[in-house]
Structure formats: structure tokens, C-alpha cells
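User: Could you take me through the interior of this protein?
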Amino acid sequence: MDIALALEIEQVSRQKALEEEALRGESAVRQFYAGTTALITGGTGFIGKQFIEKLLRSCDVKRIYILMRSKKGKSMSERLQSQLNEPVYDNLRSQQPDFARKVIPVEGDISELGVGLKDEDRMKLAQEVNVIFHVAATTRFEEPLKKATFVNVRGTREILELAKCCKDLRSFVHVSTAFSNATKSRINHDLEEKIYESPVPPEVMIQLAETVEECRLNAITADLIRDWPNTYCFTKAIAEDVVRTMGKDLPVAIVRPPVVVCTLNEPTPGWLDMSSVIGPSGIFLTLMLGVMHVILRSDVSIPIMPVDYVNNAVIATASYTNKRYNKNEKGIKVYNISCSGSKIETYSLKCMKRYTTCLCCTAIS
């Protein structure tokens, strides 16, 4: 037998006991999701695809709405059908052949005011949605500041406005990044599980993006972002402040994953979306394929986390956030997901504290 295939079979077999335990429905996490309706932004991306698969396979949700739009000549429905036919859903399809009926696309655009929703769709979501996962973001490091602000900052504000309209909102999880506060001035400092002071007040940044011409905004970008390495980290830091100011009276939490790479276990070992083959995930792919045999060592330690570990943590966070809210526990919890240290090193995080790999791996069981 091929060595790679043998390793995959061994890894899959280890998951059987975990899946059997999860399907018993005894865990607090699974009980929380029973019969709930979820809304996911960013459901067509790398993290979103595996997230949908895991949520449907391990939790008895009633329905999942995905914010989508037509793209590259494909209608919204065509894009969804194409996505649900991808290999990441093969295991789910074998267990739940009709799983697709639970996944419903809603036309919208996270970069638009009101996230581009039609009035009737907004009313439907407000009436039905219990849990919101805000995963959508532009992750391009060199994204022009105007677009990065519209997607990462204003988009967060608009989805929180929708959350406030929901009749029975039980949890809202904002997926940020471990690098949102990785600045020059914080090198060799601990990255704390708190919301840091925003580099620019969110409404000021949104107003700049809405009123200043892009060429002029580009000209002052370097001065605006100052400490931050790029517009991605800069706008994600501001987005966290949006969550802080708008989420005070909501069951809200923030999850900060590091560099997200291919799956370790679920649904199959080594799954990687084609949209993420550029960057760290692409490096892993070339190593797995045997194309790359040598890599230059560096003193900079970059934290990575398999996408299935990240999504297990996000799913568990929503359940725990609801539990805290019901107990009237105050404050927005922030969870740094990683597996080694806790220092910021030259725009990379050597690691972060808490929410250990063990918790991420077993949270659903």
C-alpha cells in the first residue's frame, strides 16, 4: 500500500471514536446547536467550506444561511452547487445524502452597506437566525486601504447591525486574526486575550474610506498604518474595536487564529482548498507532494494551525459564549488560538496562550 494512503487511513480511523461520541448528542456543544439556524459570512472561502462541513456533520443544525453573490459569470445558486460538490463534503455526503437542503444562499456582499441584503432577506434572517459566524474578510496584505476598510471594518459594523435585529440571537463569533495587534512596538511582548486600543476610531476610518478618493487614501496609507505591517492587520485591529463598541449587549466573542493551513484530521487529513494554495498552505502542499525538499530556515517563528482545529474552536466558542451570556457574565471574551509561546516577533507571533490544541481537538466530543 502507498505510504501516504496508509497514513491517511490510520488518521481517519482515529476519528471514528470521536465521531461516534459526538453523534450521541450528549455534549453541551451539540445540544446548543440542536435545531438552531446559523448565518455564515465567508462561507465560500477556505475556512468557511470546512466550517460548514463540520457544523453539518457534527451538530444537528436546522439550517445554514450563507452570504453569497454572483461571481465570475456564475449565479449564486450555481456557485453553491459547485461548492457542495467539492471533495471536502464527500464524507458528509456519505453520511447525510440530503445535507444540501440545509444550506441556503442569501444574496449579499459584505463590502456593501447593509451587507447588500434585500429587505425581505434581512427580515427573514432577523426572524430566523440564532447564531452568526462572521468569517468573511479580505486577507490580502497589500489590499488598498479603501477596500480593506469596506470589507474588514465596515462589513463588521454592518453584520453587527444585522445581529442586533435578530429576534433570538444566541451567539455571535467574530473571526479575527492573531496578527491584528502584531506591531513593531509590541515585538517581544505578550499578546493578551483582550481587545487593544484601535489605531483609528472605526467610524473615522469608515468615513475616510467613504469620502476620500482612493488615490489620496493610498498616498497616506503608510502614515496611517504606522506600526502595522500591512492594511490587513491594520483593518482587522480596527474591526475588533467595532465588535467591542457594538457588541456590548450581545452574546459576542472574538477568535484569533494564526496562519491557517490544511486539515490535520477532518474531514480527511491534508484537505486544502485550491483558493489557498498561495502562501503558507502552498508551501505545505509542495512539501506533501514531494516537489519541495529544502526550505530556508529562519529565526522568525510563525504559528500555524490546521483549519479543522480552528473551526472546532470557533464552534465551541459560540456555545460557551451563549452560556456566559445566559449567566449575565460581562465582557467580550477573546480567544487566541495557537500551540506554543506567547510573544510577538517581527510581525509574526511565536505563539499565543490558552485555548490549547487539546481543547480545540476535543471541544465537539
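This is a predicted model: local features need pLDDT of at least 70, side-chain atom pairs count only at pLDDT 80 or more; totals for chains, interfaces and linings use all residues.

User: Which residues of helix H8 are buried?
Analyst: In H8 (residues 202-211), Pro202, Met205, Ile206 and Ala209 are buried, meaning under 20% relative accessible area with a 1.4 Å probe and protein chains only. Helices are DSSP runs of H or I with at least four residues, strands are E runs of at least two, and both are numbered from the N terminus.

User: Where do they sit around the axis of H8?
Analyst: They lie on the same side of H8, because they cover an arc of only 100° around the axis; the arc is that of the directions from the helix axis to the C-beta atoms.

User: And what is on the face turned away from the buried side?
Analyst: That face of H8 carries Gln207 and Thr211, which are exposed (over 50% relative accessible area).

User: What covers the buried residues of H8?
Analyst: The cover includes helices H7 (145-165), H9 (214-225) and H10 (231-246).

User: Turning to the largest nonpolar core, which residues touch the most other members?
Analyst: Among its 47 residues, these are Leu39, Leu125, Ile132, Ile159, Phe172 and Phe234. Such a core is a set of buried Ala, Val, Leu, Ile, Met, Phe, Trp, Tyr and Cys residues joined through side-chain atoms within 4.5 Å.

User: Which helix supplies the largest share of this core?
Analyst: H10 does, with eight residues.

Notes: Residues are numbered from 1 along each chain as its sequence is written. Side-chain values use heavy atoms; hydrogens and water are left out. Contact means heavy atoms within 4.5 Å.
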